[in-house]
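Let's walk through this model together, beginning with a pair of helices and ending with the nonpolar cores. Please have a look at the structure first.

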Amino acid sequence: MKIIVCIKQVPAKDAPLSISGNWIKESDIGFEMNEPDSYALEEALRLKEKHGGEVLALSLGPERVKQTIKEALAKGADRGIHIVDDNFAQLDPLGSAQILVAAIAKENPDLVLTGLQSEDHGFGQTGVLLAGLLNLPHATIIMQIEVQDGKMKLKRELEAGWFQHIECPLPAVLSIQSGINKVRYATLKGIMAAKKKEIAVIPAESLGVSAEPTQKIEKIYVPSKTKKTEFLTGTPKEMAAKLVEKLRFEARVI
Amino acid sequence: MKILVITEQRQGKWNNTSFETLAAAQQIAAATSGTISAVVIGKGVAAFADELAAKNVAEVLLIGHELLEHYTPDGYCVALKQLIESTKPDLVLFPHTYQVRDFVPKLAAMMGKGMIGDCVGFRDEAGKLVFVRQMFQGKTVADVSFTGNAPWFASFQSGAFRADLLEPRASGKAPVQAVNVCLKPEDIRTKPLDLFKEAKSAVDLTQAPLIVAIGRGIKAPENIPQAEAVAKAIGGEIAASRPICDEGWLPMERQIGSSGQTVAPKLYLALGISGAIQHVVGMKGARTIVAVNKDSNAPIFEIADYGIVGDIFEIMPALTEELQKAKG
């Protein structure tokens, strides 16, 4: 099976966010692999181990994104594709998907995997859009994949504890639910092996995608508080004592 | 503005976010002198259409088809595309459910349009609709607007609008109109099989009056007993945000959030939980919320009644001791 995993690089979870224009200031913060995508990568690697084939790590973004592709290669992906686009953060979901599709279509994969959503924009649309643009069947929020006789039996998560099995032909696009597997760490051997692996660099403008954006981020801001929080201060012991007091005599919940 | 609201039902039950979205549509209609058509889609769902006809909407559109008995993204996309092409709405609204995120981006893309998903509000700015949605896991909010021509697609987050504000119809019932769609078996490429629940868990967190919940801040499974000690001292149940259960540090049945349980206890004590929206939707109904987090900008503080900015590893033992002392 030839599997393409779409991986986004996002600001590190503990990165302090400061707003700049209609995005965040990127200059002083660290970046990491979007955690939901790491589950998709792991699932691709497991499918390859079971059924053979090839795993490609595909990422769209500025130069810094290469580090995340290298991490995917170190974990076991065979090849990387970096679509270079410095204006990436301003793309709308459809625009990103159109650019990704232009690169994916050339590779003719059996399966395209994405994580559930990104931890920055959080649009959660890429997988479904890729399927629409590639005219492939798809399924989302996947908790289990079994491949047999050219098709897949999938376990899909629904709300409130419900699940559903579905059957899906190949080729297809799947969005993977976080927690589907235990993500592996890169080994030293993997990191060394990654140095010899190929990363194809494709300038986004060379893909000839020229769609008008369908939506625009007008403004980003810190949300106004809906509830008045009473902050407790002091030493840990003092704060704990104050909290117990508040919960007993003010909120009267214990 | 002509607004279509696509409601959602499964196996004879409403997804209640449908009513919240209808209420949102009524507010948008009021702001833009718009009209609302409520849409029911499925097989044998006339009773759902009849129920919507009692709401303050201009009409109810009923798409019934053999092949829509069970949800499939292909079936819903093909059917709704025909409806949208024939009714020519300006705005198509959806409840932001797992099902909606499974097909609506594709439906919009099939028409060359985009979707603004998971919105928590809207504003009418001199005739231009601006949608409000969270980004960076709730740490920031963004105003997003559509560019280009209608139809525009948007979905509203569960809990963003109040279903009890949904206006009933002043008198009589709105007309229910059946809409025929052309759908063939070969249009549908995936095959839905059984719906099931995993083995029922022993704990029912929805019934627990006091919940102590842990998030990423707990750092390692060997630290969980410290949180369990707090739970024991307070007489509550231990729960967690999704990453903790994904790691296998606590069983999935103890997960609070959109993919886990939704709870509304008397007290929700959040330890090292940042407050990503997927978690918050599962607990924001708690009467009293306490948040302990080292990051003073963590979104959990936005909904907390009491906040402690500090290291949970210092607070947990101190709190256990104080709780035990209080109990005498």
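**From a helix pair to the cores**

In chain A, the axes of helix α3 (residues 93-107) and helix α4 (residues 126-134) come within 9 Å and cross at roughly 55°. Keep in mind as you look that this is a predicted model. Angles from 65 to 115 degrees would count as roughly perpendicular and those under 35 degrees as roughly parallel; α3(A) and α4(A) are therefore oblique to each other. The crossing of α3(A) past α4(A) is right-handed.

Now step back to chain A as a whole. Its domain assignment gives domain 1 (2-207) and domain 2 (223-254). Taken over C-alpha atoms, the centres of domain 1 and domain 2 of chain A are separated by 42 Å.

In soluble globular proteins, nonpolar side chains tend to be buried together. Here the largest nonpolar core has 115 residues, and those with the most contacts inside it are A:V5, A:A57, A:L58, B:V5, B:V39 and B:L93. Helix α3 (residues 73-87) of chain B gives the most to this core, contributing seven residues.

Which residues does B:V39 contact, leaving aside its neighbours within four places in sequence? They are B:L4, B:V5, B:I6, B:T7, B:L61, B:I63 and B:L83.

Key:
Residues numbered from 1 in each chain as written. Chains lettered and ligands numbered in written order. Predicted model: local features only at pLDDT ≥ 70, side-chain atom pairs only at ≥ 80, totals over all residues. Core = buried A, V, L, I, M, F, W, Y, C linked by C-beta atoms within 7 Å. Buried ≥ 20, exposed ≤ 12 C-beta atoms within 10 Å, placed from the backbone. Helix = DSSP H or I, 4+ residues; strand = E, 2+ residues; numbered from the N terminus. Contact = placed C-beta atoms within 7 Å. Domains from an automatic or database assignment. Axes fitted to C-alpha atoms, helices over the stretch in contact; angles between N-to-C directions. Parallel < 35°, antiparallel > 145°, perpendicular 65-115°, else oblique. Left-handed = near helix turned anticlockwise from the far one by under 90°.
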